Number of protein chains: 2
Amino acid sequence: MSMSRGRGAGERLVVIGGDAAGMSAASQARRLKDPGELEIVAFERGHFTSYSACGIPYWVGGDVPDRDRLVARTPEQHRERGIDLRLRTEVTEIDLAGRRVRARDVDSGAESWTSYDRLVIATGARPIRPDMPGAGAPGVHGVQTLDDGQALLDTLARTRGRRAVVVGAGYIGVEMAEALINRGYEVTVVNRGKEPMATLDPDMGRLVHRAMEGMGITMVNDAEVTGIRTGDDGWARAVATRDAEFPADVVVLGIGVRPETELAAAAGLPLGAHGGLLTDRSMRVRGHEDVWAGGDCVEVLDLVSGQERHIALGTHANKHGQVIGTNVGGGYATFPGVVGTAVSKVCDLEIARTGLREKDARRAGLRFEAVTVESTSRAGYYPGAAPMTVKMLAELRTGRLLGVQIVGREGAGKRVDIAAVALTAGMTVDQLTSLDLGYAPPFSPVWDPVQVAARKAARAIADGAR
Amino acid sequence: MSMSRGRGAGERLVVIGGDAAGMSAASQARRLKDPGELEIVAFERGHFTSYSACGIPYWVGGDVPDRDRLVARTPEQHRERGIDLRLRTEVTEIDLAGRRVRARDVDSGAESWTSYDRLVIATGARPIRPDMPGAGAPGVHGVQTLDDGQALLDTLARTRGRRAVVVGAGYIGVEMAEALINRGYEVTVVNRGKEPMATLDPDMGRLVHRAMEGMGITMVNDAEVTGIRTGDDGWARAVATRDAEFPADVVVLGIGVRPETELAAAAGLPLGAHGGLLTDRSMRVRGHEDVWAGGDCVEVLDLVSGQERHIALGTHANKHGQVIGTNVGGGYATFPGVVGTAVSKVCDLEIARTGLREKDARRAGLRFEAVTVESTSRAGYYPGAAPMTVKMLAELRTGRLLGVQIVGREGAGKRVDIAAVALTAGMTVDQLTSLDLGYAPPFSPVWDPVQVAARKAARAIADGAR
């Protein structure tokens, strides 16, 4: 085992993980400090850097023609900017006392220590793989990495246009259902929950359920997968639940991710209730002056509930990286937290949410009114005006906005941003009713659907106060 | 002249003007008080109530198949809800001391006084009609009322698919250009300003200019119209400017509106610098306990500049009506003001703005940084990702967001709502950079275009502070 240290007068930044958070941090630090001041070494165990995992369903579905489009910046581009990027190199140990990390060359198995002055942990998340018979069989695919996507595409080429079963009905599950529909598969979605999209309240999930059935997707709820049946050739042939078996030529696992923090845990770094690293607002790991963490491996503060959550989302990872890079580069930036905004689509169905669901609000000790309204994306008389359902939660007494969920068609999803900004500002639903939002018949009814919901919520709060 | 008073124990509300503000006020008051408590008399000089003037370009252009679609609530529907609606009846005098209004039957000329306990003035706006030769000729059309729209459609039927000249390049002008393109006309837009869309800064107006030329529209800027040339039959034949003449089979005037406040002025009610009625936050006319005003005839407080503006927009009129109706119905509501949000489109070009332009900021005594960025509506690799340009103004020292202008294609316009809510909340551009906005590849890049602009603006403010 060699020990790499040899450096000049400057400091060394070591980054573990070459995707959004890690490489954003590295790039931003490089922008602020030149190589003479700050040497930057980044370790990535895979083949790729800075790619959009969120784009994988659209590559698999054929909307994005090839893998390279998903790569925002290649290893070569990072190296050209003065980042010492080591691909296929896995960090196996963090030695906090010695301020060094041990890394292993994935191909050769050779190991070496690299010292650091500052460390960025951006190890991401790993997909939850159910511990059940057949889960590792060929024909069973996760969709977390570009390698996963390529393997799935290879299987699809082998089983063209047959039966696909998606396990899980969260964002990844529903997006993969769309991808497989687009590839001509008969798609069944098997879901443990009462309704798809557990990030919504069940009444809103029910709307997604019906819309997906309307697209010809078979939706199986309340169903725990017990195993994957394989054929004589060892390939997956069916997904089994307690009550039934669903024939499958290909199985896609979309059952969420967990923070990848084994390395951090082994080093004794602080983890939260969801298994993610705990940081302060500058994205520094709590209690560790020179260690920073961001992206899918950390927990984030939910500004509405005041509690930590784990949210694996590229947009947060990029922001974390930007903040970390600014701070390790000698500047000052913070990540104040999230309000839990997410948007997704299944074919022409748009699904969005921000803030708290009913059960989140209860868990946070908040009492609320919940209202639901039907409106349209454009003036009712304008062509293409599509129905949309908006659910809104507001706190009793204060009338503070707590959350919004939207299910609709074109023009529905991004409306959640109105609520996301209002949540961040701590607005009341009454304040929402008088917001000056963009109005013209091709864009909105005179009262934006979010404001229609806010009016109803404000009335419910006022009635409740009597 | 008769004197109508005869009423029961209740009070009487008189509403002048039967469109959005007036009838929203009447409807909301009726919801809160039944006819025994509050008699409601509404005067409307035209044939219609509660219609969407904003929808007229889409009716003329053929996207909306018939006029009735633009009517949100008919006179019969208002009467069924217990509102004594008097169509084709023009109020000719307000007697504040006597608490009565004089109204004239437009057809018979008969006049009568009606007393009130509370008065709502919702007289709207009137189009600016240039004082020049030929402005009143047949073939020259405004597009303010449903009657105007019908008259224009009659002319179009007579001059099918020929040359149309639109005078004015504001919202109405550019929307009418689209309508006439859709009807198969060769369209020329003649505009007094340096660039179209004077509600944008000229650098952003320039983008609209180029895009409209790309649609085959002839754009003539810096051109004051001096007259309309007519043929032997008296019909409009050309639009003349100092330098040129533009042949026209039909001429559409889209040069803005002024508050219709002659009646209010004659009664001695307070008007602002823009000719609109001045109200308090409850939409009560300043200094007049029982007189309320809303919609296109009032001035509104711009929350960013702290100054009054006149903005004729259906969404404000509806909100004013809702507030007035709540207050005259015995409840409590306020209209806090506007941030100046507007969105429009010309074919597939989307144009939006909120807050202050450079010249507004200067006029308000504010110093600022202005930045412009190019981004895309979706992840760059996702099909249909369309370029969009975002300009952002931020105040020096404080970094407070002052305004946003957007020119782009599908998915660009409604993004202005993010900035509209942030302006209302008084956020800084730095705060914008960490907003938790809806992200998924079909909806947005990982950094929303508004946040890309905010990052650049925040850097400019920070650099300026050094």
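Let me begin with one definition: a residue is called buried if 20 or more other C-beta atoms lie within 10 Å of its own, exposed if 12 or fewer, and partly exposed in between. Hello everyone, and please keep in mind throughout that this is a predicted model.

Is Arg88(A) buried, exposed or partly exposed? It has 14 other C-beta atoms within 10 Å, so Arg88(A) is partly exposed. You'll find Arg88(A) in the loop between strand E4 (84-87) and strand E5 (89-95) of chain A. What brought me to this residue is its backbone: phi of Arg88(A) is near 55 degrees, a positive value in a residue other than glycine. As background, most residues other than glycine have a negative phi.

Where is Met283(A)? It lies in the loop between helix H7 (262-266) and strand E19 (291-293) of chain A. Here the count of other C-beta atoms within 10 Å is 29, and therefore Met283(A) is buried.

Let me step back to the chain as a whole. Chain A has twelve helices and 26 strands. Its C-alpha atoms fill a box of roughly 70 × 60 × 40 Å along the principal axes. For 466 residues, a compact globule would have a radius of gyration near 23 Å, and the 24 Å of chain A agrees with that. Of those 466 residues, 56% count as buried. If we take the contacts in chain A with a separation of 6 or more, residues 24 or more positions apart account for 65% of them.

Next, please look at one helix with me: helix H10 (residues 416-424) of chain A. How many of its nine residues are buried? The count is nine, so this helix is mostly covered. Among them are Val416(A), Asp417(A), Ile418(A) and Leu423(A). And what covers them? From chain A, the list includes strand E22 (342-346), strand E23 (349-355) and strand E26 (401-408). Helix H11 (429-433) and helix H12 (449-465) of chain A are also part of the cover. The other chain contributes too, with helix H10 (416-424) of chain B. Just after H10(A), Gly426(A) takes a positive phi of about 70 degrees.

How do the two chains relate to each other? A rotation of 180 degrees, with 0.0 Å of shift along its axis, superposes chain A on chain B with an RMSD of 0.0 Å. That is the relation of a two-fold axis. The same surface serves both copies, as 100% of the contact residues of chain A recur in chain B.

My last stop is a sheet in chain B. Three strands form an open sheet in the order E14-E15-E16, with antiparallel pairing. Strand E14 (225-230) and strand E16 (245-247) are the edge strands, and each pairs on one side only. Neighbouring strands of this sheet are turned by 25 degrees against each other on average, direction ignored.

Let's walk through its pairs. E14(B) and E15(B) pair in the antiparallel sense over five bridges. In that pair, Gly227(B) stands opposite Ala240(B) in E15(B). The two strands form a hairpin with five residues between them, and Gly234(B) in the turn has a positive phi of about 90 degrees. Moving on, three bridges join strand E15 (residues 236-241) to E16(B), again running antiparallel. Which residue in E16(B) is the bridge partner of Ala238(B)? That would be Pro247(B). E15(B) and E16(B) also form a hairpin, with three residues between them.

Definitions and conventions. Residues numbered from 1 in each chain as written. Chains lettered and ligands numbered in written order. Predicted model: local features only at pLDDT ≥ 70, side-chain atom pairs only at ≥ 80, totals over all residues. Pairing = 2+ DSSP bridges. Helix = DSSP H or I, 4+ residues; strand = E, 2+ residues; numbered from the N terminus. Axes fitted to C-alpha atoms, helices over the stretch in contact; angles between N-to-C directions. Contact = placed C-beta atoms within 7 Å. Least-squares fit on C-alpha atoms with pLDDT ≥ 70 in both. Rg over C-alpha atoms; globule rule 2.2 N^0.38 Å.
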